[in-house]
Structure formats: structure tokens, C-alpha cells
Amino acid sequence: MSPENSGPAAVIVLAAGAGTRMKSRTPKILHEIGGRSLVGHALAAARSLDPQALALVVRHERDLVAAHITGLDPTALIVDQDEVPGTGRAVEAALEVLDARDPRGSLNGTVVVTYGDVPLLTGRLLAELVAAHEADGNAVTVLTAVLDDATGYGRILRAADGTVTGIREHKDATDAERGIREINSGIYAFDAAVLRAALVHVTTDNAQGEKYLTDVLGLARTAGGRVSAVTTDDRWQVEGANDRVQLSALGTEHNRRTVEAWMRAGVTVVDPASTWIDSTVTLDEDVRLLPNTQLHGSTTVARDAVVGPDTTLTDVRIGEGANVTRTHGTGATIGAGASVGPFTYLRPGTVLGATGKIGAFYETKNVTIGRGSKLSHLGYAGDAEIGEDTNIGCGNITANYDGEKKHRTVIGSGVRTGSNTVFVAPVQVGDGAYSGAGAVIRKDVPPGALVLSQAPQQTVAGWVSAHRPGSASASLAATADARAATPSSKTPAPTEEG
């Protein structure tokens, strides 16, 4: 318990379901949208309330789910649901653990109950629920929404004065009750004492044989408590993901909201429909995102940078004014004013200095490239360090792997390399050195030296006619020879002097 926290006494997140409709080996709440698992979104909303305690109730794939939750929030309490089915029993199990940990012997104050598969629920709406609950002195406050099609949801039952009298699960509802469009989100604020007392009397006497949390509302009202509701007009915040179709719809809506928020914060998004931005991405004002751009993980993009089109970046840092086009990158850093692409593959450990360049059809991995250096086209640089203002020619590669171990190449500043130079690591090239086209550098090169690896060119005249008679090449060669042997009619006649 953390009584110094200013929020409610506890938040309980229900995360025990199997999610069979997902048809997946992955537990439902571990599926992702917007760069976070469903339960990760739920944790973020819950933590934003600054609760004194946070508990998650688990059961299906218990160890896998618990490890994931602990990785996201090490201080969250993991509570195991027992054999008794139903949300009521899940909350009861969490309350028992919270009571046992409370120095007063039992939890007092507001207890919020939410779910691990409602990813668009915001901390702001939860805070509104808690504020209304405490301001009105309610025993229970339920979050509701009005839907055009309420099929499958529990219906809100109200008295003539508008107070909530109960909730009827869809499977237990009469035809008249199924006509009600106001639905229960399953998200509540309870008075801890009311919740504790009511759960003792909740039974499994219903169509599903489950201990329903919804029964607490009727019991609280019977005991004289006030039961009220906070209604949201944003249905997405109470939508759960029960199958892949709903997961996709929630992911699309989450991304739409994320992209819109960044545009309102000063980012230009040319085609919002084809641009995907994770919750964990950070963008500065005046960033420009072109169509078919995907930004994932901890990617950050500084002011005036342009990303896209057709670019996917994960955990990439982009400096101010950089330009990244048609690039796939992970774990890379791109300096201010640098340019990357098109058709470039940045692997982890790539660091491109300010105003540098990694151009078309280039792959890099675990390489540091100094300020102003250029790797313009058709090459590979791996396990290497390249100084400043160096120009790496077309087709250059670092041969860093000997079949067993990786080795490092160090290239100095102001180096100029010819096309198709190969650096056979481990090797060092000094500042200001040059290499000729086709050089294979196997030994260290001192500063200012020229490296050549050339065999004398040999030309065997007539080889095609002798070795490929009758071929198209031989026919073309013969025609060219005949043309060369015939004087041109346009050649001026020789003149005599004197």
C-alpha cells in the first residue's frame, strides 16, 4: 500500500479471461495496438489515477501474463482468481489481498474496477468517474454508454428519478430490457466497505452460474446506498477487444486519435489514413510525415525532420532537419540535417552523424558514421567506425565476418574510396587516405596513402569469333570489324601541300 498517493484507495484490473474468440496462443490481453499490449494500455490509465494500490487479477496463462505485467509495472499486485467463475469473485479475490496488505486491516475509500482489454479508456474519464463518485457520496458509481446496438452488453436499469437500480446481463434480460440502449461498461467506482459487504451475498444463481459483480449494485441500493452513473458519449472508451475484428477496429481508432493529436500539436501528416504512430513515439513541432510511414517503439523525431514516404522505423532517433525516405530502420540514430534513403536498411547500432548521408540500397549495422560523411549507394557497412567528411564510394562493403567471429573496420576522416572497395576486417584506414576502384584492403593503411589492388588488364582480340562462332555476339563483332575496315564516305580526301 502507498497511502502517500493522492488517488483512490485501489484500482483493480480484471485480466483473468482466456479470450477464446481471439483464436490465439497469445493471451488476449497481451495482443497489441498502438505499440502497447491491451493490458499495457489498461495499466497506463489506472496508474494515471495515482492509486494507493494497483491489483491485477489473472488466471489464463497465469505465469506469462504475470511476467508481462511485472515487466511493465513492477509494483503492481498480481492476484490469482480461484475456481469460482465470474467478475464478482475476481474482485473479491483482489479485495482479500488488498485487505491483507492494508496496515489498518481492511481497505477504506474508493475502489475502481476496470478491465485489461479496454485499451482506449483514458485516465481522464476514470478521474471523472472517481470525482463524481466521491462528490456525491455514492455507494457505487458505474460508467455507462449509450449504443445504437447494445447486443451482448448488460443493460442499465433506472428508477423514475434516474438513479440506477441495477444491471441486467444480456443473457438474463427480458425482451423489454434488451430494448434498453444504455449499457454497462463494466467499469465502476465502489466504496470499499459497501463492496466488501455486498460481495459476501452475491451468489452464482443465474443463467451462467457465475458470481456477477453487477449484483453488487442491487445489494448496495437495498442496503440504503446511492447508486449512480457517469455516462460517456465516447463509446470507444468502453469498447473491449474480444476477437481479431474488434482488435483491428480498436487499433484503427487508437491510431486515428494518436495521429490527430499529433497534428493538433504541430506535426504535418500528409495522409493520416496510411500513417501509423505508436503511443510511445515522440514528435516535435514542424515534423513532416509523408504517406505510408510507420513509427514504432521509442522513436523520436526532432523539429523540421521529414520522414517518408514508405518508411518504417522502430526505436529510431531522428535529429532536427533530417530527411528519411523509403527506409526500414531499427535501433538507429540519425543526426541533424542528415539524409537517409531511398531503399535503405538501418539495423541496430547505426549512428549517422550530423549532415551525413546513407543513400540508396545501403545496409548498415553497428556502425558509427561521423559528421558530414557519405555512404551514398549500393553497399554494406557493419561493425565499423567511419570518421568525419569521408566519402565511401559506390559498392563498398566491410567484410566483417570470418565465418566464426565479427571483426571491426576503422576508417578515418577525410577518406575517399573508389567504387567496389572491400575492407577485410579487422583493418584500419588512416585519415585522408584514398583507394582505387576495386581495391581489396586487407592491411592497415597509413594516413594520406593510396591503396590499389589492380592486375594488368589483358585483352584477347578475336576471342568471341574463335570460341563462340555462330553466336549473336560473334555476328555483332564481325559487323563491327567490317564497319571499321571500310573507309567512311564522309572522310575528306587527302590534299597535297606546297
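Which element gives the largest share of the lining of the largest cavity? I looked: β28 does, with four residues.

**Ground rules.** I'm on a predicted model, where local features need pLDDT of at least 70, side-chain atom pairs count only at pLDDT 80 or more, and totals for chains, interfaces and linings use all residues. Numbering starts from 1 along each chain as its sequence is written, and side-chain values use heavy atoms, without hydrogens and water.

**Cavities.** I found two of 30 Å³ or more. A cavity here is a set of points on a 1 Å grid over the protein atoms alone where a 1.4 Å probe fits but cannot get out, and lining residues have an atom within 4 Å of a point. The largest holds about 50 Å³ of space. Its lining includes Y362, Y380, N396 and F423. By class, I get nine nonpolar, two polar and no charged residues there. The second largest cavity comes to about 30 Å³. V415, T417, F423 and Y434 are among the residues that line this one. Its lining has eight nonpolar, two polar and no charged residues.

**Helix pair.** Next I checked α3 (residues 87–101) against α6 (residues 192–199): the angle is about 125° and the axes are 10 Å apart. I noted a left-handed crossing. For contacts (heavy atoms within 4.5 Å), I listed G88, V91, E92, L95 and D99 in α3, which meet A192, L195, R196 and L199 in α6. By class, this contact has five nonpolar, one polar and three charged residues.

Methods: On a 1 Å grid over the protein atoms alone, a cavity is a set of points where a 1.4 Å probe fits but cannot get out, and a pocket is an open set with protein on both sides within 12 Å along at least five of seven lines; lining residues have an atom within 4 Å of a point. Grid points are joined across faces, edges and corners, and a volume is the space filled by probe spheres set on the points. Helices (H or I, at least four residues) and strands (E, at least two) are DSSP runs, numbered from the N terminus. Ala, Val, Leu, Ile, Met, Phe, Trp, Tyr, Cys and Pro count as nonpolar, Asp, Glu, Lys and Arg as charged, and the others, Gly among them, as polar. Axes are lines fitted to C-alpha atoms, for helices over the stretch in contact, and angles run from 0 to 180 degrees between N-to-C directions. A crossing is left-handed if the near helix is turned anticlockwise from the far one by less than a right angle, and right-handed if clockwise.
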